[in-house]
Amino acid sequence: MKKQPDKISKIGVAIDFSGYSRDTLAYAVETANLTQARMVLINIINQKEMDAMEKAVNAEHPNQFDPAKFLGEEMDRRKMKLRTLVKGIPAMDDMPVKIRISHGVPHVEILEIVRRENADFLVFGPKGRTNFKEFLFGSVAEKLFRHSPVPVMSVRS
C-alpha cells in the first residue's frame, strides 16, 4: 500500500517584487484554496543590498546611514507593498495571510521562515529582480531547491 502524501496545510510564498510576483502569488492562492492551506508571505531584504546602500549614503554623507532606521523603514515599506499586492487578488479577500519580512542572505532567511512557520510547501518565482549576479554566483531559486526541507514549486508566467 502506498503512503499518502501529507496534506498541505501551510504554504510559504517567497515574494521578491519582480515581474513574477503576482503570478507566483496567484498560483499559491489557487493551491491554498484547493488544499484549505494557510499562507505566509515572505520577503527578504538582501544584506548585500543593505551594505551597498550604506556604502552609497556614507560616500555622500559620511556616517549618516543608520542601519536600524533604514531596516525599520524598509520593512514597513515592503509590508505595505505586500498588502497592496494581496489586495490586487480578489480570491484573497477573506483569506488570512501572515506576512514575514526579514533581512540577510535570501535563501537562508526564506528557509528559516519556512521552518519557524512550519510551512509544508514553498512557492516562489523563477527569477529574481536581476540575472547577472545569479548567473555568476548561483541563484536563490537553485539554493531553495537544493536545501528546502519541504517540497518547492517555482512558478513561471
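Reply: Buried means under 20% relative accessible area, exposed means over 50%, and partly exposed lies in between, with a 1.4 Å probe and protein chains only. Of the 157 residues of the protein chain, 40% count as buried.

Me: What kind of model is it, and which pLDDT limits apply?
Reply: This is a predicted model, in which local features need pLDDT of at least 70 and side-chain atom pairs count only at pLDDT 80 or more, while totals for chains, interfaces and linings use all residues. Residues are numbered from 1 along each chain as its sequence is written, and side-chain values use heavy atoms, with hydrogens and water left out.

Me: OK, the fold. How many helices and strands?
Reply: The protein chain has six helices and five strands. Both are DSSP runs numbered from the N terminus: helices are H or I with at least four residues, strands are E with at least two.

Me: In what order do the elements run?
Reply: From the N terminus on, the order is β-α-β-α-α-β-α-β-α-α-β.

Me: And the contacts, what share comes from residues 24 or more positions apart?
Reply: Such residues account for 77% of the contacts with a separation of 6 or more in the protein chain. A contact means heavy atoms within 4.5 Å.

Me: Salt bridges next. How many?
Reply: The count comes to nine salt bridges, each being a side-chain nitrogen of Lys or Arg within 4 Å of a carboxyl oxygen of Asp or Glu.

Me: Which partner does Glu49 have?
Reply: Glu49 forms a salt bridge with Arg78, with the closest N and O atoms 4.0 Å apart. This pair links distant parts of the chain, 29 residues apart: Glu49 is in helix 2 (residues 47-60) and Arg78 in helix 3 (residues 67-87). Glu49 is partly exposed at 33% relative accessibility, whereas Arg78 is buried at 4%.

Me: Where does Arg77 come in?
Reply: Arg77 forms a salt bridge with Glu74, the closest N and O atoms being 2.7 Å apart. Glu74 and Arg77 are three residues apart in helix 3, so about one helical turn lies between them. Glu74 has 11% relative accessibility and counts as buried, while Arg77, at 42%, counts as partly exposed.

Me: Switching to rings. How many aromatic pairs?
Reply: The search of the whole structure finds two. Rings of Phe, Tyr and Trp (its six-membered ring) pair if their centres lie within 6.5 Å; planes under 30 degrees apart are stacked, over 60 edge-to-face, and the rest tilted.

Me: What is the geometry of Phe65 and Phe70?
Reply: That pair is tilted, 5.3 Å centre to centre with 45° between the planes. Phe65 is buried at 12% relative accessibility, and Phe70 is buried at 17%.

Me: And Phe124 with Phe145?
Reply: Phe124 and Phe145 are edge-to-face, 5.4 Å centre to centre with 70° between the planes.
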